[in-house]
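This report covers side-chain contacts in a predicted model.

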Amino acid sequence: MNLVEPHIASVFGLHLPPRLALFLTLAFIVFLFRRDIREKPNVSGALWLPLLWLVLGCSRSFTVWLHIFGLPVSGGASNEEGSPVDACFIYAMATAGLFVLIKRQVSLSEVLRRNGWLVAFIAYCFISVVWSDYPFIAFKRVTKIFNHPIMALIVFTEPDFKEALTRLMKRCAYVVVPVSILWIKYYPQLGISYDEWNGLQEIGGISGSKNGLGMDCLILGFFFFWHLLQTWRTERNTQRRNELWLIAGFLIGILYLLRLSHSATATICLFVGALIVVFIGIRPTIQNFIGTYMLAALVLLVAAELAFGISGHLSESLGRGSKLTGRTDLWARCLEFQPNPILGAGFESFWFPERRERIAAFYHDWRPGSAHNSYLQTYLNLGLIGLSILIGLLIATFWKIRLELFRNFEWGRYRLAFLMAVVLRGWTESYFTTGSGLWFVFYIIAMDYPLTHLTTARPSVGVARSEESREFAYAEEEL
């Protein structure tokens, strides 16, 4: 701990007794939620369900939280079996979410019709349980990800979708950012852990790992940057000024946490996402050629990687070595143990004890539990069929977003930039079939459902874009 705490102290400055710091942090969180609720946003009480789901995805499991609060609970028979308390809690949330959707008369046929690739991916995940070595455990795991579309649909069916998305992200930040800072500085036994690759201390905050904290910073940092652009253009008044101060404060906190996490991938993804949002905003007709631009960028990246190995050079420039902190060696090792190239090992079944121990035999004092690459992890678990469906899902999502840029430009560029961040993030982390917060937000940008929201009318092609030419109107629009 001694190597880390001086650096933390130099960043946050204040030195308070831990109990006083805890009290002030809780008071600050209560103040933020009280302020949020007093603004009387146009959202329902059901939004607390996806908020709880997002906070858990950005932090730790329900069982771990119970342990932190001092409640003795069983952790389950093994890591593979999982905690029965966690399972019961997740199923309870799914039941509550389904009750909300039934009450709102959500059309299942409409969901299936508009989200064919997403439905196909989820369906294949369920089918792959059949050939898993441990089908019962695989089934329990696959049912947990079903909460993603349920919670996303609750957000979609709020009275005002844009307001619901804004409140969801802000309220998540009210918990994640202050608690992470508190734990890192005053409760290092909670906020600091050890890197699985080299055994060195790493700063994880509320998530428990540096990559998890980096993911949180990516989700929230990107949202607040996009929200800043929206707020900046509103009418100047006291409410706008207060909102800008709130945004600035959280952006500063998020950037500090991102710096402490030393998550190179999250930093790159956040930068790329922000760059895309800005670039699209200053080019009035880019939505007409976005497909061409993205295809050209993809071809250039692939060509540069094959010719020059740019990922290794970039990793080395960020202090991670030319082999992405050992990931490339692990990727090659995993491919040697693929049991079925076509179908895969079954949903989240590749890293069951037998194969994990065999792969761990090649390393000293380390037992890898994932491929640290979402595309490779999908191939290992779901085979070429599952990987093909995943790629189809990403392409279909991009195509939806391309059309969205013509109908609701601001929401469209949020979706596009976040999609690019998700695609990049998947190269060094495995989360495409997990309960992570990043994968949940992907469902929000990937799913379509009819909703009423604030629409930004764009000038026609060839007309100069200006702030005065943009009209805001509430309209019923199908996404």
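Trp226 and Tyr414 are both buried. Their ring centres lie 4.8 Å apart with the planes at 65°, so the pair is edge-to-face. Tyr414 and Phe418 are 4 residues apart within helix H20, about one turn of the helix, and both are buried. In an α-helix there are 3.6 residues a turn, so residues three or four places apart point the same way. The model has 24 aromatic pairs.

Helix H12 itself is mostly covered, with 19 of its 23 residues buried. At 1.5 Å a residue, its 23 residues should span 33 Å, and the end C-alpha atoms are 32 Å apart, which agrees.

Charged groups also sit over aromatic rings. The charged end of Arg240 is over the ring of Trp232, 5.1 Å from its centre. Arg402 lies over the face of Trp399, 4.7 Å from the ring centre.

The structure holds 17 salt bridges, including those in the table.

| Salt bridge | N to O distance |
|---|---|
| Glu410 and Arg233 | 2.8 Å |
| Glu404 and Arg407 | 3.4 Å |
| Arg415 and Glu404 | 3.7 Å |

The bridge between Glu410 and Arg233 links helix H20 to the loop between H12 and helix H13 (238–261), across 177 residues. Glu410 has 3% relative accessibility and counts as buried, whereas Arg233 is partly exposed at 30%.

Glu404 takes part in a bridge with Arg407 and in another with Arg415. Glu404 and Arg407 are 3 residues apart in helix H19 (residues 374–407), separated by about one helical turn. Arg415 lies in helix H20 and Glu404 in helix H19, so their bridge ties together parts that are 11 residues apart in sequence. Glu404 counts as buried at 0% relative accessibility, and Arg415 is likewise buried at 0%. Arg407, at 30%, counts as partly exposed.

A network of salt bridges links Arg35, Asp36, Glu39, Glu163, Arg167, Lys170, Arg171 and Glu243.

On the surface, Leu20, Phe23 and Leu24 form a nonpolar patch with about 290 Å² of accessible area together. Leu20 is found in helix H2 (residues 18–38) and counts as partly exposed at 38% relative accessibility.

How values were computed. Residues are numbered from 1 along each chain as its sequence is written. This is a predicted model: local features need pLDDT of at least 70, side-chain atom pairs count only at pLDDT 80 or more; totals for chains, interfaces and linings use all residues. Side-chain values use heavy atoms; hydrogens and water are left out. Rings of Phe, Tyr and Trp (its six-membered ring) pair if their centres lie within 6.5 Å; planes under 30 degrees apart count as stacked, over 60 as edge-to-face and the rest as tilted. Buried means under 20% relative accessible area, exposed over 50%, partly exposed in between (1.4 Å probe, protein chains only). Helices (H or I, at least four residues) and strands (E, at least two) are DSSP runs, numbered from the N terminus. A charge sits over a ring if NZ of Lys or CZ of Arg is within 6 Å of the ring centre and within 35 degrees of the ring normal. The expected span of a helix is 1.5 Å times one less than its number of residues. Patches are made of residues with over 30% relative accessible area and no salt bridge: like charges are joined within 9 Å, nonpolar side chains (Val, Leu, Ile, Met, Phe, Trp, Tyr) within 5 Å. Accessible areas come from the Shrake-Rupley method with a 1.4 Å probe; for residues, only the protein chains shown count as cover. A salt bridge is a side-chain nitrogen of Lys or Arg within 4 Å of a carboxyl oxygen of Asp or Glu.
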